[in-house]
Amino acid sequence: MRILTVVAGMGVGGTERAAQNLSLGLKALGVEVAVLAHAERGRREAAYRAAGVGVFGPGEEVAAAGWGADVVHIHRSGYANARETALLRVLKRPAARVVETNVFARFDAGEGGALIDVHCLLSRWCAWKWSAWGGAAARGKAMAVLPNPVDGAAIARVPEAERAEVRARLGVPPGRFLFGRVGQPHAAKWSPAVLGAFAAVVGRGFDAGLLLVGAPGEIAEGVGRLPAGVRERVVSLPVTGCDRRLSELLTAMDGFLHLSRIGESFGMVLCEAMLCGVPVVTLSTPLKDNSQLEVVGHGVGGLVALRPGAMPEAMTALMADAGLRERVRLGGADWVSGRFGVEAVSRRALGIYEAALAGGPVERPAVGAGWLAAIGGQGIGRPPGAAGRAVFRLLHVPAVYRGYLALARGGAG
């Protein structure tokens, strides 16, 4: 079997990392793999070539089509995209199948979506959203859940002696409970509420610290406005592209504090925290992406707050729950690898490809309202009331959502 991975670029972003992990995972299973980066090359090209994966860059689309893939697997946002549609017209051969990883669970009702044979979503939450926004009504569309593959060999907990040294260099006093947040410096991936939740915990008399890695300017400015007694407990560092350094900083934390304005369509950084044995406190964001509920699992990989106001309660609950912290420290890496590890996800992808090529049904996950209500109600704090649930349902009716987007964009459509 020949698999052509199609991705916009080979840079450091999460989609690019996921495409690389899956490509190399398939290669390790004996599958012949090539990759087409249709917009730009980047630093990941060296890893592809070192693994013996053929590489095509911008302008080499026809050559990539001539490579003769059995499956073209494109990693895309899910939004209608004229450039990607034109690319798929070039790559789609009569005997081949086109599979997408749909990052943001957007249903594409146009020609681009019609050229895709199997739609892979990153979680059951994403699968439900894709179905609600048009996928369920599209006849003959195959859909499956295929999480992002996580490379547990790249990110790992460092030894305890080294952890102590890192904390000392950061100026964290012995015994202080260190919360942390790592992310790219994009405002949408952070929330100023992270500072309010931390200040509330300190205000209750807890000896807590906060390590911010890669915080955008808005968050940095917010730190400067904190009361002196809270501000002095915050350590801010620039983003790092070094896996070893990331492992050190994550291991230095006692808890990972995750709030994002747009939620997570998957949440690679949450897996990285658990790979380093760090439990996560995260916020449910039902009107946005919300896969963090599945990736973390309330009471398994950490704790889920159902409302922003419940974040301090979830944080103090984690500080008090030594058993949960120990379970994640000892078993977090195995739990992530078993569900999202490169080999596990690559084998699942291979099964999806084989079913698609054979013309058989691709396993379609159950994404009914009962499951959604069950997982969405797990956590600390009071769940959204009737009004919140009504808004949630309305925003997942395609026509209403399109109208909402038009208003949000000032009528731009």
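Helices here are DSSP runs of H or I with at least four residues, strands are E runs of at least two, and both are numbered from the N terminus. The model is a predicted one, so local features need pLDDT of at least 70 and side-chain atom pairs count only at pLDDT 80 or more, while totals for chains, interfaces and linings use all residues. Residues are numbered from 1 along each chain as its sequence is written, and side-chain values use heavy atoms, leaving out hydrogens and water.

Helix α8 itself spans residues 193–203, and its buried residues (under 20% relative accessible area, 1.4 Å probe, protein chains only) are Val194, Leu195, Ala197, Phe198, Val201 and Val202. These sit on the same side of α8, because they cover an arc of only 165 degrees around the axis, going by the directions from the helix axis to the C-beta atoms. Among the elements covering them are β9 (208–213), α9 (217–224) and α14 (311–320), where contact means heavy atoms within 4.5 Å.

Strand β5 (residues 97–102) has 5 of its 6 residues buried, so the rest of the structure largely encloses it. The chain gets to β5 from β4 by way of helix α4 (residues 82–91), in a right-handed β-α-β crossover; with the strands pointing away from the viewer, that path runs clockwise from the first strand over the helix to the second. Strands β4 (residues 71–76) and β5 run parallel, joined by 6 bridges, pairing being called when DSSP finds at least two bridges. Arg76 has Asn102 of β5 as its bridge partner. Strand β5 also pairs with β6 (residues 118–121), again parallel, over 4 bridges, and here Val99 stands opposite Val118 of β6.

Note on methods. Buried < 20%, exposed > 50% of the residue type's maximum accessible area, 1.4 Å probe, protein only.
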